[in-house]
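Biologist: I have not seen this structure before. Could you take me through it by question and answer?

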Amino acid sequence: MAATFASASASLLQAGGLPAGVWRANQLGQGLAPGLPSGFSALDAQLPGGGWPAGTPVELIAREPGIGELRLLIPVLQHLTRARKVVLFLGPPHMPYAPALSAFGIDLDYLIVVQATQAADRLWAVEQILRSASFGALLAWLPHGKTRPEHLRRMQLAAQGARGPVFLFRPLPAQFEASPAALRLLLLPRPQQQLSVQILKRRGPVLERPVLLDLPHAPGTLRPGRYASPPPARVMPDALPAPMPGLLRTAHAAPAPGRIPSLGQVSGLPAPGPH
């Protein structure tokens, strides 16, 4: 048995190929399917599979909400909603700001927000949504101090059947905690509307320096330094300094009872036309 395994391994190495889930320490691992492009070529070059993976959670660790984490995902959200695939926001710290998302070309009719204030309810909901695999992408904010390793392992197993990317937002202390996630990113705000992305864990060699990304701007928005007056006090900036109202903001309307509406229905904005 051992001889057969050794012979098969030697054949693979001679042929230059490796089975799925195995990679060389000095090379990026490749998934079973290509990743979904992130919209940032510098980041895709450092991600196994060349983009956001499906079937495994991606941990996005940030100091606080509103530093640019949603604008990092604008390209993939735009792509998925235009393809009429549902994107779920589970437990965001504030209601996503519909006008700003619409300005980025995201179809709000395919964006659903699920609120779960209790930690146990939110963790249960994440796992159930992952098991259903009926979404284009899931963005879930895990409860601080209540997420244990066994929760993450169950999410990892439940996500294996997902066809779209799964993003788990976690607070800064989580970077020092063990996690089964195959991809973990530390996000830090930088001046001039940039975001530093440090890859803490990936299937591949250690990346010593972070990737510096220019965050996207919505068409028609002002750039820093061109405000006639400061932005409204209630707006949470998406990065510092903010060129536009942040993507997370207090809700202006409550969802109608009976079913979960899309963000477009909650906000009362008309559905975006063809792009």
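**Cavity, pocket and packing**

Biologist: How many cavities of 30 Å³ or more are there?
Modeller: This is a predicted model, so the answer applies to the model. Counting cavities of 30 Å³ or more gives one.

Biologist: How much space lies in the largest cavity, and which elements give two or more residues to its lining?
Modeller: The space in the largest cavity is about 30 Å³. Its lining includes Pro 57, Glu 59, Leu 152, Met 155 and Gln 156. Two or more lining residues come from each of strand 1 (57–62) and helix 7 (149–158).

Biologist: Which element gives the most to that lining, and with how many residues?
Modeller: The lining of the largest cavity has six nonpolar, two polar and one charged residues. Among the lining residues are also Leu 168, Ser 179, Pro 180 and Ala 181. The most is given by helix 7, with three residues.

Biologist: What is the secondary structure of the protein, and what percentage of its residues is buried?
Modeller: The protein has eight helices and eight strands. Of its contacts with a separation of 6 or more, 68% are between residues 24 or more positions apart. Among the 275 residues, the buried part is 45%.

Biologist: Within what arc do the buried residues of helix 4 fall?
Modeller: Helix 4 covers residues 74–82, and its buried residues are Ile 74, Val 76, Leu 77, Leu 80 and Thr 81. They line one face of the helix, because the arc that holds them, seen down the helix axis, is 165°.

Biologist: What is the phi of Arg 84, and is the residue buried or exposed?
Modeller: Most residues other than glycine have a negative phi. Arg 84 has a positive phi, near 60°. With 65% relative accessibility, above the 50% cut-off, Arg 84 is exposed.

Biologist: Where is Gln 192, and is it buried or exposed?
Modeller: Gln 192 is not a glycine, yet its phi is positive, about 60°. Its place is the loop between strand 6 (183–190) and strand 7 (194–201). The relative accessibility of Gln 192 is 63%, so it counts as exposed.

Biologist: How many aromatic pairs are found in the whole structure, and what kind of pair do Phe 89 and Trp 141 form?
Modeller: The search of the whole structure finds three aromatic pairs. In the pair of Phe 89 and Trp 141, the ring centres are 5.8 Å apart and the planes make an angle of 50°. Phe 89 is in strand 2 and Trp 141 in strand 4, so the pair links parts 52 residues apart in sequence. By its geometry the pair is tilted.

Biologist: What kind of pair do Trp 141 and Phe 169 form?
Modeller: Here the centres of Trp 141 and Phe 169 are 4.3 Å apart, with 10° between the planes. Phe 169 lies in strand 5 (residues 166–171) and Trp 141 in strand 4, so this pair joins parts 28 residues apart in sequence. The pair is stacked.

Biologist: Are the residues of this aromatic cluster buried or exposed?
Modeller: Phe 89, Trp 141 and Phe 169 form one aromatic cluster. Phe 89 has 0% relative accessibility, Trp 141 has 8% and Phe 169 has 7%. Buried means under 20%, so Phe 89, Trp 141 and Phe 169 are buried.

Biologist: Which element gives the most to the lining of the second largest pocket?
Modeller: The second largest pocket holds about 230 Å³ of space. Of its 17 lining residues, Pro 65, Trp 141, Phe 169, Arg 170 and Pro 171 lie nearest its centre. Strand 1 and strand 5 are the elements that give two or more residues. The most comes, with three residues, from strand 5.

Conventions:
Residues are numbered from 1 along each chain as its sequence is written. This is a predicted model: local features need pLDDT of at least 70, side-chain atom pairs count only at pLDDT 80 or more; totals for chains, interfaces and linings use all residues. Side-chain values use heavy atoms; hydrogens and water are left out. On a 1 Å grid over the protein atoms alone, a cavity is a set of points where a 1.4 Å probe fits but cannot get out, and a pocket is an open set with protein on both sides within 12 Å along at least five of seven lines; lining residues have an atom within 4 Å of a point. Grid points are joined across faces, edges and corners, and a volume is the space filled by probe spheres set on the points. Helices (H or I, at least four residues) and strands (E, at least two) are DSSP runs, numbered from the N terminus. Ala, Val, Leu, Ile, Met, Phe, Trp, Tyr, Cys and Pro count as nonpolar, Asp, Glu, Lys and Arg as charged, and the others, Gly among them, as polar. Buried means under 20% relative accessible area, exposed over 50%, partly exposed in between (1.4 Å probe, protein chains only). The arc is that of the directions from the helix axis to the C-beta atoms. Rings of Phe, Tyr and Trp (its six-membered ring) pair if their centres lie within 6.5 Å; planes under 30 degrees apart count as stacked, over 60 as edge-to-face and the rest as tilted. Contact means heavy atoms within 4.5 Å.
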